[in-house]
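I opened this one up to see how it is put together. These are my notes, in the order I looked things up.

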Amino acid sequence: MDEAKHEGQELLGKAKEKLGDLTDNHSLQAEGLADQAKAKVNQAGDDVRDALRGRDQDEEDEARSAR
């Protein structure tokens with residue numbers, strides 16, 4: 001769910017940036033770039049969270065197999 005939300009936010013940012021390019025609206029361009037950057041940061045955070053969850057799961061599996 002989060003992944004789709006962040007990708008949507010990134011696409012919206014790209015659309016804002018392109019619309020700003022077409023209309024020569026520097027504020028809209030900047031807003032689009034900011035939206036894209038925020039989406040990428042959120043995606044990276046999700047990747048870290050998922051990696052940590054995977055590591056925790058691996059540790060639990062090792063503890064079970066040691067019993």
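Below are my entries, from the whole chain down to single residues.

**Ground rules**

I am working with a predicted model, where local features need pLDDT of at least 70, side-chain atom pairs count only at pLDDT 80 or more, and totals for chains, interfaces and linings use all residues. Residues are numbered from 1 along each chain as its sequence is written, and side-chain values use heavy atoms, with hydrogens and water left out.

**The whole chain**

I looked up the secondary structure and got two helices and zero strands. Helices here are DSSP runs of H or I with at least four residues, strands are runs of E with at least two, and numbering starts at the N terminus.

How much of the chain is buried? I found that buried residues make up 21% of the 67 residues. My cut-offs: buried is under 20% relative accessible area, exposed is over 50%, and partly exposed is in between, with a 1.4 Å probe and protein chains only.

The chain exposes about 5,100 Å², and carbon and sulfur atoms supply 54% of that. The area comes from the Shrake-Rupley method with a 1.4 Å probe, and for residues only the protein chains shown count as cover.

I also checked contacts (heavy atoms within 4.5 Å). Among those between residues at least 6 apart in sequence, 46% join residues at least 24 apart.

**Helix α1**

I noted that α1 covers residues 2-23. It has 22 residues and reaches 31 Å from first C-alpha to last, close to the 32 Å expected at 1.5 Å a residue. The expected span is 1.5 Å times one less than the number of residues.

Which residues of α1 are buried? I listed H6, E10, G13, K16, E17 and G20. They cover an arc of only 120° around the axis, so they sit on the same side of α1. That arc is taken from the directions from the helix axis to the C-beta atoms. On the other side of α1, I found A4, L11, K18 and L22 exposed.

I picked one residue from each list. H6 has 8% relative accessibility, so I put it down as buried. Setting aside neighbours within four places in sequence, H6 is in contact with A39, N42, Q43 and D46. K18 has 52%, which means it counts as exposed. K18 and L28 are ten residues apart in sequence, and their C-alphas are 8.8 Å apart.

**The loop**

Next I went to D24, in the loop between α1 and α2. D24 is exposed, at a relative accessible area of 54%.

I counted five salt bridges in the structure. Each one is a side-chain nitrogen of Lys or Arg within 4 Å of a carboxyl oxygen of Asp or Glu. Side chains of opposite charge can pair when their charged atoms come close.

Which residue does E31 pair with? I found a salt bridge to K16, with the closest N and O atoms 2.6 Å apart. E31 lies in helix α2 (residues 26-66) and K16 in helix α1, so the pair ties together parts that are 15 residues apart in sequence. E31 is partly exposed at 37%, whereas K16 is buried at 18%.

K16 also meets D35 in a salt bridge, at 2.9 Å from N to O. That pair links distant parts of the chain, with D35 in α2 and K16 in α1, 19 residues apart. Both D35 and K16 are buried.

Then I looked at Q29, which lies in α2 and is buried at 17%. Q29 and K16 are 13 residues apart in sequence, yet 6.2 Å apart from C-alpha to C-alpha. Not counting residues up to four places away in sequence, Q29 touches K16, E17, G20 and D21.

My last stop was D46 and R49, whose side chains meet in a salt bridge of 3.4 Å, N to O. They are three residues apart in helix α2, which means about one helical turn separates them. D46 is buried at 13%, and R49 is partly exposed at 30%. Salt bridges that share partners join D2, D46, R49 and D50 into one network.
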